[in-house]
Amino acid sequence: MSQPPELSWWLKIASDGFPRLKILATGSSTLAAMQEIRDTLTGRKRVVERGRVQPAEKTLSVEDALRAFLFGGYLHAARAMAHPDAAASHSAPIFPEEFRAGTLRGSEGFFCVGQNQAGRWWLLDAEGRPFFCRGVHGVRAAAVPVDEAVGGRAASAGPYAPDEHPSTRLRKWGFNALGVGGDGAARADGFAFIASVDFCRTSGVIQASGVRLPDVFAPEWPARAAARALEVCAPAVMDRALIGWVADDLPGWAPPAARGGARPSLLQSCLSLEPNFAAYHAAWEFVLALHGGRIDALARAWGVAVRNKEVVREWTRVEQAIATRGYGRDDAQWSREFARRYFTGTAAAIRAADPNHLVLGCRFGGRVDESVRAECVYPAVDVALLDMSAVPALAAGATGPVLAGDFGWADAGAVDAPARGRGGRRLTTVEWMLRQGRAALERVARHPAVVGYIWRQWLDDPGEQPPFARGLVHVNGTEAREHTELLTAFNARAESLRRAPVRPTKESSVFSG
C-alpha cells in the first residue's frame, strides 16, 4: 500500500528515532501500522463533541499521533493505559444523561466542560468526575533570598521546609489546581494546571503604551501562531492533568477609551505604530472608512483637532489620550475586531497542535473593555478566563462557562467600610474587606456559569504590606493568614455550595449561552 505524502516527514523521523516504529513502518501495510501506533498512543480515545461521542477514527490524525509520540506524549499515554481495561473505561460518553445536548466541550479522557440539566456548568476531570477548580496563579517553590526577608526572618538558601513546600500548603488550604506562571514545582505532585502558549513571544508583537499583543493583521500571523503553538502545546498533548491553554499570560489590551482617560486606548496606539506594522495600516483604513475617507470628517466626528496622522502619533508619544465619545465608539469597534482575530487565531493554532485540551482565552490580568470580552466566547474559547480582581460583580455580557481569574479582595480594603456590625459597631477596613471577600466567594461558587476560581498570586508584590498584600505567601515565606484562613474554610465547602440548587437570577441568565 502506498504511503500518503503528508506522512512521509513524520514517518521518517519516527523510523529513524524509534526502533519499534521502524519495524511497524517497514511492514507490508504502512497505514495499518500507523493505525496501530495511533491506537496505542490514544487508547482509542473518543471525542465528546456537541453532546455525542465521535468514533476513534475521527480523533487524532496519524500525523497528530506521531507528533504526540515524538514530543513526549507516549509516556503520558503509557501511564493512562496502565490498567488493561483503561481504554474501555473511556469508550462511552461521560454521564451523557446529566448534560444538555450540545454543551459538552473537550476530548474524553482529558478535562471537559458541560452544562447539566439544572443549568449549571461543570468542569470534568480526566476520569469524568465533576471538578470545581480552586487554583492559584504564580505558584513557586524557590526560597526567598536573605536580603528580601521581612520581619527579621532570614530565608534559607535551599528549598522550603516540608511543611512550607507549595504542594503541602496548597493541599492544606484546599486548593486543587495551579494557574499560570510560577516555576511548575507543584505540578509533579498531581495538581491539575493551566498552561500558557505565550503568543506574545513570537516576532511581530505590538509593544506600546499599555499594549502588548501580536500583530494579528500581519499576513505572517497565522504561520507564526501555528509554529508557536506546535512548539509549546505538542509536548503536552497527552497530559491528562492539563486543564487547558491560555493564549497569553498578562498581555496588554490597553484601557478602553473614556472621558478623562489617562492613557491611550488600543485604537490610538495602533494608529501611532510605525508603518512596518500591518496593524498601523489596518487601523487607519478602518477609521477613514468610517468617515468617508477624510481626516477632516474624522476630526469632526471625534471632536478633536486631527490635522494629519502625525498629530495622533505625537499625542500618543506624550501619553495624551483621545477620550471623546465619538472616538470611543470607533475604539470599541476596532477593539472588538482586534479581539476577534486574536481569539479565533490563537484558538485555531492551539487546537491544530493539541486537539485534546480546552482553550481558555487569555489571562487578562486587569479590567478590559466589554468589546474585548465579547469576543472571548465559544466557539473560539471553551471556557472564558475572566478577570475578577477587586471583587467586582460577575462580568456582564459573557456567555458561560466562566473561570473566575485573578480573584482577590485586598483592593477592596482601599475603600472605607460603610457597613456596621452587630450592636451598631462600625466595621474596620479589614473586617469590611474580609466580609466582602467571603460574600464574593460564595457568589462565585453558587453562580451556575462559574466552574472555579484562580487566586491572583502566590507571593506578595514588592512593597505590599499585610493585611492588604495580595499574595498567599509573604516575601519572608510566611503564610498570609488573613487570606488563607478564609480561603481554607471556603474551599472545604465549595463543592457543597456548588451543588446547591440553582436560583435563577437576572445575572445568571447572562451566562447561560
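## Helices 15 and 16

Helix 15 (residues 429–446) and helix 16 (residues 481–498) have axes that come within 10 Å and cross at roughly 25 degrees. Axes here are lines fitted to C-alpha atoms over the stretch in contact, with angles from 0 to 180 degrees between N-to-C directions. Helix 15 is therefore roughly parallel to helix 16 (angles under 35 degrees count as roughly parallel). The crossing is right-handed, that is, the near helix is turned clockwise from the far one by less than a right angle.

Helix 15 contributes M433, L434, R438, L441, E442, V444, A445 and R446 to the contact, and helix 16 contributes E482, H483, L486, L487, F490, R493, A494, L497 and R498; contact means heavy atoms within 4.5 Å. By class, this contact has 10 nonpolar, one polar and six charged residues.

## Basis of the model

The model is predicted, with local features needing pLDDT of at least 70 and side-chain atom pairs pLDDT 80 or more, while totals for chains, interfaces and linings use all residues. Residues are numbered from 1 along each chain, and side-chain values use heavy atoms, without hydrogens and water.

## N116

N116 lies in the loop between strand 3 (112–115) and strand 4 (121–124). N116 is buried, at 15% relative accessible area (buried means under 20%, with a 1.4 Å probe and protein chains only). Its side chain reaches the backbone nitrogen of R120 at 2.9 Å. Leaving aside residues up to four places away in sequence, N116 touches E98, F99, R100 and W122.

## Helix 11

A297, L298, A299 and W302 are buried in helix 11 (residues 295–302). The buried residues of helix 11 pack against helix 9 (266–271), helix 10 (278–290) and helix 13 (325–353). Just after helix 11, G303 has a positive phi of about 75 degrees.

Key. Helix = DSSP H or I, 4+ residues; strand = E, 2+ residues; numbered from the N terminus. Parallel < 35°, antiparallel > 145°, perpendicular 65-115°, else oblique. Nonpolar A, V, L, I, M, F, W, Y, C, P; charged D, E, K, R; others polar. Buried < 20%, exposed > 50% of the residue type's maximum accessible area, 1.4 Å probe, protein only. Polar contact = N/O pair within 3.5 Å; in protein donor to acceptor, adjacent residues only side chain to side chain.
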